[in-house]
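Subject: A structure for you

Hi there,

Here is the structure I promised to pass on. Have a look at it first, and then read on for what turned up.

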Amino acid sequence: MSDHTNSGCACTPNRAIKCEVTSCANHCQSQSYCGLNAIQVGTHEVNPTMDQCTDCQSFRKK
């Protein structure tokens, strides 16, 4: 199993990854944390200069 997938089991919050994106399937609904062991962060810009230029590429729509 990959570190970048949620097994579908009850969410166990990873306290090292804070998250407010409640529309993500990996979000622990009762807490503001991600349930994954690790996430992939990327960018949609050639030369990112602001936090808005970065993306959580581990996001999965509910």
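Of the 62 residues in this protein, 21% count as buried, meaning under 20% relative accessible area with a 1.4 Å probe and protein chains only. Please keep in mind that this is a predicted model, in which local features need pLDDT of at least 70, side-chain atom pairs count only at pLDDT 80 or more, and totals for chains, interfaces and linings use all residues. Residues are numbered from 1 along each chain as its sequence is written, and side-chain values use heavy atoms, with hydrogens and water left out.

The protein has zero helices and five strands, giving the pattern β-β-β-β-β along the sequence. Here helices (H or I, at least four residues) and strands (E, at least two) are DSSP runs, numbered from the N terminus.

Now for the largest pocket, which has a volume of about 240 Å³. A pocket is an open set of points on a 1 Å grid over the protein atoms alone, where a 1.4 Å probe fits, with protein on both sides within 12 Å along at least five of seven lines; lining residues have an atom within 4 Å of a point. The volume is the space filled by probe spheres set on the points, which are joined across faces, edges and corners.

Of the 16 lining residues, Lys 18, Cys 19, Val 21, Ile 39 and Cys 56 are the closest to the centre of the largest pocket. Two or more lining residues come from each of β1 (14-18) and β5 (54-56), and β5 gives the most, with three.

Enjoy exploring!

Technical notes. Buried means under 20% relative accessible area, exposed over 50%, partly exposed in between (1.4 Å probe, protein chains only).
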